Amino acid sequence: MNHQSPTQVIPEFTSIPRHVAIVMDGNGRWAKNRFMPRVAGHKRGVEVVRETVKTCDELGIEYLTLFAFSSENWRRPPEEVSVLMQLFLVALENEVAKLHSNGIRFKVIGDLTPFDARIRDKILASEALTENNRALTLTVAANYGGRWDILRAMNRAHEQRCAQANESFVFSEESLTPHLSMAYAPEPDLFIRTGGEQRVSNFLLWQMAYTEFYFTPELWPDFGRSSFLRAVESYGKRERRFGRTSEQLAESKGLIADSTSEAA
């Protein structure tokens with residue numbers, strides 16, 4: 001499905017976002033604050049993911065994208081990377097069947113080549129199992145980087161045009177977008193980052209051109225249902241102008257209200 005960008009069309013605004021993207025930061029600090037090994041924070045983080053997925057499904061949010069492991073996270077201590085890989089495999093084995101039973105589609109974006117073959121095979125099998133589900137699309141970004149995504153899309157678009165022998169090809173949003181990792185989803189409406197940091201960390205750089213940002217000092221293992229609902233409530237109060245003035249936005253809302261009353 002081809003979803004147009006807010007830079008091309010003005011999307012309809014609703015108080016509940018269609019697509020939420022999250023950087024789940026603070027697992028290690030949560031564990032350290034409790035004199036526990038870092039793995040305990042990551043395990044607790046998986047529980048919060050489960051709760052967040054359930055809340056999104058209940059609210060009617062259509063897409064949830066979680067930054068689980070960035071292309072820069074390989075720089076972490078080898079023992080922590082090994083633990084994260086094991087947790088990822090266990091989560092795939094334990095959670096995907098539950099997602100499927102609830103009609104949730106599962107996707108993974110990122111460069112999967114460095115992962116163990118067991119993880120790659122499990123990802124492909126999980127995506128195939130859930131590909132026809134439509135309740136919610138849960139995307140996990142693993143070994144993902146926003147710049148990698150854009151460069152890969154450019155190379156794929158170029159290869160396609162070369163195959164068509166079109167020498168006059170010029171890159172545009174329309175030509176590049178279908179080759180991005182998340183071409184199947186609308187661009188995020190709301191970006192949440194826990195843990196107190198206020199940056200995107202190479203996450204969905206192209207897709208978040210008009211995304212609303214929500215930063216919180218809460219560590220991810222503490223970011224429960226009530227915290228998520230506060231973020232969604234904050235989003236619902238935002239004025240999303242997409243380049244227009246506040247007056248233009250008010251006029252457009254008035255026109256919508258008038259047409260609704262006439263239809264009634």
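Helices (H or I, at least four residues) and strands (E, at least two) are DSSP runs, numbered from the N terminus. The structure shown is a predicted model, in which local features need pLDDT of at least 70 and side-chain atom pairs count only at pLDDT 80 or more, while totals for chains, interfaces and linings use all residues. Residues are numbered from 1 along each chain as its sequence is written, and side-chain values use heavy atoms, with hydrogens and water left out.

**Figure 1. Glutamate 187 in the loop between helix 6 and strand 5.**
Glutamate 187 lies in the loop that runs between helix 6 (173–176) and strand 5 (190–193). Its relative accessible area is 15%, so glutamate 187 is buried (buried means under 20% relative accessible area, exposed over 50%, and partly exposed in between, with a 1.4 Å probe and protein chains only). Leaving aside residues up to four places away in sequence, glutamate 187 touches Ser5, Pro6, His19, Trp206 and Gln207 (contact means heavy atoms within 4.5 Å).

**Figure 2. Helix 4 and its buried face.**
Helix 4 comprises the 14 residues 117–130, which should span 20 Å at 1.5 Å a residue; the end C-alpha atoms are 20 Å apart, which agrees. The expected span of a helix is 1.5 Å times one less than its number of residues. Ile119, Ile123, Ser126, Glu127 and Thr130 are the buried residues of helix 4. Seen down the axis of helix 4, these buried residues fall within an arc of 95°, so they line one face of the helix (the arc is that of the directions from the helix axis to the C-beta atoms). An α-helix has 3.6 residues a turn, so residues three or four places apart point the same way. The buried residues of helix 4 pack against helix 3 (78–101) and strand 3 (104–109), whereas the face turned away from the buried side carries the exposed residues Asp121 and Leu124.

**Figure 3. The N-terminal end of helix 4.**
Aspartate 116 caps this end of helix 4, with a side-chain oxygen 2.8 Å from the backbone nitrogen of arginine 118. A polar contact is a pair of N or O atoms within 3.5 Å; within protein, one must be able to donate a hydrogen and the other to accept it, and residues adjacent in sequence count only if both atoms are side-chain atoms.

**Figure 4. Helix 5 and its two sides.**
The 18 residues of helix 5 (residues 146–163) should span 26 Å at 1.5 Å a residue, and the distance of 26 Å between the end C-alpha atoms agrees. Buried in helix 5 are Gly146, Asp149, Ala153 and Ala157. Seen down the axis of helix 5, the buried residues fall within an arc of 65°, so they line one face of the helix. These buried residues pack against strand 4 (136–144) and helix 6. On the other side of helix 5, Arg147, Leu151, Glu159 and Ala163 are exposed.

**Figure 5. Serine 201 and asparagine 202 in the loop between strand 5 and strand 6.**
Serine 201 is found in the loop between strand 5 and strand 6 (212–215), and asparagine 202 is found in the loop between strand 5 and strand 6 as well. Most residues other than glycine have a negative phi, and most peptide bonds are trans. Serine 201, which is not glycine, has a positive phi near 55°. Asparagine 202, likewise not a glycine, has a positive phi of about 65°. Serine 201 is partly exposed, with a relative accessible area of 28%, whereas asparagine 202 counts as buried at 17% relative accessibility.

**Figure 6. A salt bridge between arginine 238 and glutamate 212.**
Side chains of opposite charge can pair when their charged atoms come close. A salt bridge is a side-chain nitrogen of Lys or Arg within 4 Å of a carboxyl oxygen of Asp or Glu. In the salt bridge of arginine 238 with glutamate 212, the closest N and O atoms are 3.0 Å apart. This pair links distant parts of the chain, 26 residues apart: arginine 238 is in the loop between helix 7 (225–236) and helix 8 (246–263), and glutamate 212 is in strand 6. Arginine 238 counts as partly exposed at 23% relative accessibility, whereas glutamate 212 counts as buried at 17%.

**Figure 7. Further salt bridges.**
The whole structure contains 15 salt bridges. One of them joins glutamate 80 to arginine 76, with the closest N and O atoms 3.0 Å apart. Glutamate 80 counts as buried at 8% relative accessibility, and arginine 76 counts as partly exposed at 29%. Asp25, Arg29 and Arg193 are linked in a network of salt bridges.
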